[in-house]
Amino acid sequence: MDITVLVKQVPNTAEIRIDPVKNTLIRDGVPSIINPDDKAGLEEALKLKDQFGATITVVSMGPPQAQLALREALAMGADRAILVSDRKFGGADTLATSTTLVAALKQLKSDLIIAGRQAIDGDTAQVGPQVAEMLDIPQVSYVQKLHYDGKQTLQIQRLVEDGYYELEVDFPCLITVLAEANKPRYMHIHNLVDVFSREIEIWDFERIKPDVNQIGLTGSPTKVKKSYTKGVKQSGKIVEAANAEEAAEAIVTKLQELFMI
Amino acid sequence: MDFNLSETHLLFQQMVRDFAENEVKPIAHEIDEEERFPIETVEKMRKCGFFGINVPKQYGGAGGDQLLYTIAVEELAKVCGTTSIMLSAHTSLGMAPILEFGTEEQKMRYLPRMTTGEWLGGFGLTEAAAGTDAAGQQTVAIFDETTNEWIINGSKLFITNAGQAHIYIIFAMTDKSKGTKGITAFIIEADRKGFSVGPKEKKMGIRGSATAELIMQNVRIPAENLLGKEGMGFKVAMMTLDGGRIGVAAQALGLASGALESTIDYVKGRKQFGRSIAQFQNTQFQLADMHTKVEAARLLLYRASMRKQAKLPYSTDAAMAKLFASEISMEVTTKAVQLYGGYGYSREYPVERMMRDAKITEIYEGTSEVQRMVISGAILR
């Protein structure tokens, strides 16, 4: 099986402090890490490799220093690392990022593409699903559990607000994984010792040739108006109903209470 | 001259730090209280490849250098003295003599299963009447020509990893008339008939560490278990201890460094007379001294590690690193307890454990006095 894992290098937000005077984040000296959801995605790939054998390619888009995240992935057990990096890709929003990644992914054979649910620095949860749409392959997001018996399909538990779905999905497909899905392994010392002599392939604009108008700042329709801390969302309410009719009645009553109908 | 760690060493340091913080620190208090060997940590360390860091790849090791191994022991000791010495005794005392003095056949027989951690290693030199004076060995080995076997009788005291290790490097007299030149080293597997382990020692510190007596009653081992040459045991022991001192120095440094880090956090939070105790000059000056000593010990230790790696003479460097690191470890951990005040004396906080653990680093693998003998011997030559 060929598995491609998308990873993003992010600042370790657990170690970010807030400037008490300016009330802004102090990013200086904050160590970079593999985004936690992505690391859990890599662990799922490594578990499949342990069990069935697989070739794992990790792909990241970012500046040259993101190589360190890829080296960590290699030391955990990935086989090949590709950094999609070019000044032309800079300033990309999620759409332009996905477009760029897809240009790279089209040059790789992947039975399974694994991404993290979302990155701790952007929290958009958009890149994985966008990539799947652009590649026109099935996708399952919010994966909390993965089971594979070596046959045709993956069995998946997809987390939703009030429970989970049990789904089966054909290959090739893309899944986005939650950090809670597993506890990623540590880097293996035997891999780590030589990891800086391993090759990180740098795939630049010329290598992947995306549409120049669809990438970077030019290809990014998103404009940030302002950023703010979002309010706390209340948890949903579960209403027990004996049958569909009762359930429908409960919903209608609730909507009437809220003057929505 | 470059005082910076390479990117490999930095990434490795980060990996061991994560491991120590998440897997070792949470049970450090418990294994000390219960005087329990952390077997579950051994399993976790096996999965990460901790047991063959500086052993060449052809024997199943990671093929890393001495400094990586030093960093591993140091980082583990920052949170748990017991776990660090388990790794150090296995690597520096159990595997190193086989790697240094073993035949190719012996290396292939033992190292692949030691580097995975399936077989832990131990080392038996000290006896009731032979500690610093190794020539006082009472353990004897007699060769039985009819079976081509050595028959070993005697006992070894205060052995780290006793009962947990499968492979022990044991020293025995093969010719009493020759003094230290009559000592020979042997490799003994724990499942040999007549080999047994005594009860666990009740110790001041490193209480989770498996420390016990090894008892050998007519233990028969084949001739091929002799390590090095007959009569070469004293050299095997001394050269092994040079390397072991790097491990103990790393443990001592880790304990000091861990205690210092804990204390820095503590003094920022602890308030007396309306301000944090970090704002008092006494605290500041104490911490400045502690930090300076820790850094000085680290430089001595890293230099000794790099000289060993470069195959330069490092015996005196290892002795200086061990002497200085262990003595500042005792000093720094004691000061940490003092800065913590009453809480420092409580077993609910980690610094008193670190202070108890630090004491042994001045004693085992050559006391501070022995290190002074080695160092003065080198400069007065």
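**Buried loops and a chain contact**

Student: What makes E365(B) count as buried?

Tutor: E365(B) has 31 C-beta neighbours inside 10 Å. Buried takes 20 or more other C-beta atoms within 10 Å, exposed 12 or fewer, partly exposed in between, with C-beta atoms placed from the backbone. So E365(B) is buried. The model is predicted: local features need pLDDT of at least 70 and side-chain atom pairs 80 or more, while totals for chains, interfaces and linings use all residues. Residues count from 1 along each chain as written, and chains are lettered from A and ligands numbered from 1 in written order.

Student: Where is E365(B) found, and what is its phi?

Tutor: E365(B) sits in the loop between α10 (350–361) and α11 (368–379) of chain B. Helices are DSSP runs of H or I, at least four residues; strands are runs of E, at least two; both are numbered from the N terminus. Phi of E365(B) is near 55°, a positive value in a residue other than glycine. Most residues other than glycine have a negative phi.

Student: What makes two residues a contact between the chains?

Tutor: Their C-beta atoms, placed from the backbone, lie within 7 Å. Here 14 residues come from chain B and 9 residues from chain A. Helix α1 (residues 7–34) of chain B gives the largest share of the chain B side, 7 residues.
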